[in-house]
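The sequence and the structure are shown first.

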Amino acid sequence: MPRHHQRGSSASGGSQRQLRVAETVRHAVADILSQGSVHDPDLEGHIITVPEVRMSPDLKLATIYIMPLGGQDTDVVLTALERNKKFLRGDIARRVNLKFAPDIRFRVDERFDEAERIEKLLRTPAVQRDLNSDSEES
């Protein structure tokens, strides 16, 4: 009998293997950055969070989302991480047991900005008026 594999959809974030490997890579990158293993003057003094890593379906590309504490100096931190990409890729390869070390790319995590934008929209007088009129009708 043929086996039917369910393919992970982009809406769910990918297959279980993609998600598991992405989480392992996220922990590895977070450890590398928190231990100060990357010796770069632009990264010193910055606390960098790694909220998410997304793996390609073939596990050969890892998109690492980062956010410096307070959201400041994102361009400086992103440039420094790009500059040290080769070292980081090697360190990730040593920590994560995969057949191939994934290529890595860094992106700034925009979710916090988007959440703040939505929060501001919800606090606008027009939305508050609509919310209050809906609760009065109930």
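## Surface and overall make-up

The chain exposes about 9,800 Å², of which carbon and sulfur atoms supply 51%. The model is a predicted one, and of the 138 residues in the chain, 31% count as buried.

Five helices and three strands make up the secondary structure of the chain, and read from the N terminus these elements follow the order α-β-β-α-α-β-α-α. When contacts with a separation of 6 or more are taken, residues 24 or more positions apart account for 61% of them.

## The pairing of α1 with α3

Helix α1 spans residues 16-34 and helix α3 residues 85-95, and their axes come within 10 Å of each other while crossing at roughly 120°. As to handedness, α1 passes α3 in a right-handed crossing.

On the side of α1, the residues that meet the partner helix are V25, A28, V29, D31 and I32, and on the side of α3 they are L88, D91, I92 and R95. Sorted by class, this contact of α1 with α3 holds six nonpolar and three charged residues, and no polar ones.

Which residues does V21 contact, once its neighbours within four places in sequence are left aside? They are M55, L59 and L98. Between V21 and N97 there are 76 residues of sequence separation, yet their C-alpha atoms are 9.3 Å apart.

L59, one of the contacts of V21, lies in the loop that joins β1 (48-55) to β2 (61-68). Most residues other than glycine have a negative phi, whereas the phi of L59, which is not a glycine, is positive, near 65°. At 7% relative accessibility L59 counts as buried.

F100 has its place in another connection, the loop between α3 and β3 (103-108). Although F100 and L59 are 41 residues apart in sequence, the distance between them is 8.2 Å from C-alpha to C-alpha. Is F100 buried or partly exposed? Its relative accessible area is 46%, which lies between the limits of 20% and 50%, so F100 is partly exposed.

Y65 is found in strand β2 and, at 16% relative accessibility, counts as buried. Leaving aside neighbours within four places in sequence, Y65 is in contact with T49, V50, P51, E52 and R54, and also with R107, V108 and D109.

L78 sits in helix α2, residues 74-83. Not counting residues up to four places away in sequence, L78 touches I66, F106, R107 and V108; R107 and V108 are also among the contacts of Y65. L78 and M67, which are eleven residues apart in sequence, have a C-alpha to C-alpha distance of 9.1 Å.

Conventions. Residues are numbered from 1 along each chain as its sequence is written. This is a predicted model: local features need pLDDT of at least 70, side-chain atom pairs count only at pLDDT 80 or more; totals for chains, interfaces and linings use all residues. Side-chain values use heavy atoms; hydrogens and water are left out. Helices (H or I, at least four residues) and strands (E, at least two) are DSSP runs, numbered from the N terminus. Buried means under 20% relative accessible area, exposed over 50%, partly exposed in between (1.4 Å probe, protein chains only). Contact means heavy atoms within 4.5 Å. Accessible areas come from the Shrake-Rupley method with a 1.4 Å probe; for residues, only the protein chains shown count as cover. Axes are lines fitted to C-alpha atoms, for helices over the stretch in contact, and angles run from 0 to 180 degrees between N-to-C directions. A crossing is left-handed if the near helix is turned anticlockwise from the far one by less than a right angle, and right-handed if clockwise. Ala, Val, Leu, Ile, Met, Phe, Trp, Tyr, Cys and Pro count as nonpolar, Asp, Glu, Lys and Arg as charged, and the others, Gly among them, as polar.
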